[in-house]
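Q: I would like to learn how to read the helices of a model, one feature at a time. Could you show me the structure and start with the terms I need?

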Amino acid sequence: MAEQQEQAAPDAMMTRIGQVVMLHHGGDREEARGRFLDLWGEIGEDGDPLHRCTLAHYLADTQDDPADELAWDLRALSAAEELTDGDAAERHRSLAARAFYPSLHLNLAADYVKLGRSEAARSHLRSARGAAGALGNDRYGDGVRAAIGRLELRLDGTGPSHGGPGEDPGSVERPGPFGGSGGETLGPPRQRP
């Protein structure tokens, strides 16, 4: 019984990350970056891989420099590679580590586009496409697959070269590996306008 209660108890670090995500989505990017970095200091380079993956994933969105964004997205992928399906399932039964990869690779592809490294972008886009079979047939999965398709068209020169008015020409919709459009706090859902 105690074991079941322990499993049902919320993950305090994920809750704290989620609170900062809401701050960031509310428009306070600088404050969010500072708080995310404080949490990173608590978690550390050897902390729980799901925490590191989630936090690095969101920290990438708070970066001003595309190279810094890439560095955080690479940390997120590295942490995800340490996860096993069992680790993720401990936190949420519907999560599977392999379902993280389509979005993580899509994010990296978008980073490389921003940095003008189209071959690296294509490589991660192929990885995202190859891993997309792990996605569900739901709104999140459809969104990730659509974002992969849009970036593929863009890299092939047949899609728009940039987003809408006022958007960074390097911005690409980047939903995260844990579902949703950025409001949930179980993991790193991210979406760029």
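A: Gladly! Buried means under 20% relative accessible area, exposed means over 50%, and partly exposed lies in between (1.4 Å probe, protein chains only). Helices (H or I, at least four residues) and strands (E, at least two) are DSSP runs, numbered from the N terminus. This is a predicted model, where local features need pLDDT of at least 70, side-chain atom pairs count only at pLDDT 80 or more, and totals for chains, interfaces and linings use all residues. Residues are numbered from 1 along each chain as its sequence is written, and side-chain values use heavy atoms, with hydrogens and water left out.

Q: How many helices and strands does the protein have?
A: The protein has 9 helices and 0 strands. From the N terminus on, the order of elements is α-α-α-α-α-α-α-α-α. Of the 193 residues, 49% count as buried.

Q: Which residues of α3 are buried?
A: An α-helix has 3.6 residues a turn, so residues three or four places apart point the same way. In α3, the buried residues are Ala32, Arg33, Phe36, Leu39, Trp40 and Ile43. They cover an arc of only 125° around the axis, which puts them on the same side of α3; the arc is that of the directions from the helix axis to the C-beta atoms. The face turned away from this buried side carries the exposed residues Glu30, Asp38 and Gly41.

Q: What span should α3 have, and what span does the model give?
A: The expected span of a helix is 1.5 Å times one less than its number of residues. For the 15 residues of α3 (residues 29–43) that comes to 21 Å, and the end C-alpha atoms are 21 Å apart, which agrees. Just after α3, glycine 44 takes a positive phi of about 80°.

Q: Which helices do the buried residues of α3 pack against?
A: Contact means heavy atoms within 4.5 Å. The buried residues of α3 pack against α2 (12–25), α4 (49–61) and α5 (66–82).

Q: Which residues of α2 are buried?
A: Met13, Met14, Ile17, Gly18, Val20, Val21 and His24 are the buried residues of α2. They cover an arc of only 165° around the axis, which puts them on the same side of α2. On the other side, Ala12 and Met22 are exposed. The cover over the buried residues of α2 includes α3 and α4.

Q: What happens at the two ends of α2?
A: At the start of α2, a side-chain oxygen of aspartate 11 comes to within 3.0 Å of the backbone nitrogen of methionine 13. Just after α2, glycine 27 has a positive phi of about 110°.

Q: Which residues have the most contacts inside the largest nonpolar core?
A: A nonpolar core is a set of buried Ala, Val, Leu, Ile, Met, Phe, Trp, Tyr and Cys residues joined through side-chain atoms within 4.5 Å. The largest one has 46 residues, and those with the most contacts inside it are Ile17, Phe36 and Leu55. At least two residues of this core come from each of α2, α3, α4, α5, α7 (101–114), α8 (118–131) and α9 (139–156). Leaving aside neighbours within four places in sequence, leucine 55 is in contact with Ile17, Phe36, Leu39, Trp40 and Ile43.

Q: Is threonine 62 buried or exposed?
A: Threonine 62 is found in the loop between α4 and α5, and it is buried, with a relative accessible area of 0%. Beyond its neighbours within four places in sequence, threonine 62 is in contact with His24, Arg29, Ala32, Arg33 and Phe36.

Q: What joins the side chains of threonine 62 and glutamine 63?
A: A polar contact is a pair of N or O atoms within 3.5 Å; within protein, one must be able to donate a hydrogen and the other to accept it, and residues adjacent in sequence count only if both atoms are side-chain atoms. Here a polar contact of 3.2 Å joins the two side chains. Glutamine 63 is buried, with a relative accessible area of 10%.

Q: Which helices do the buried residues of α9 pack against?
A: They pack against α7 and α8. Arginine 154 lies in helix α9 and, at 19% relative accessibility, counts as buried. Arginine 154 and valine 113 are 41 residues apart in sequence and 9.6 Å apart in space, C-alpha to C-alpha.
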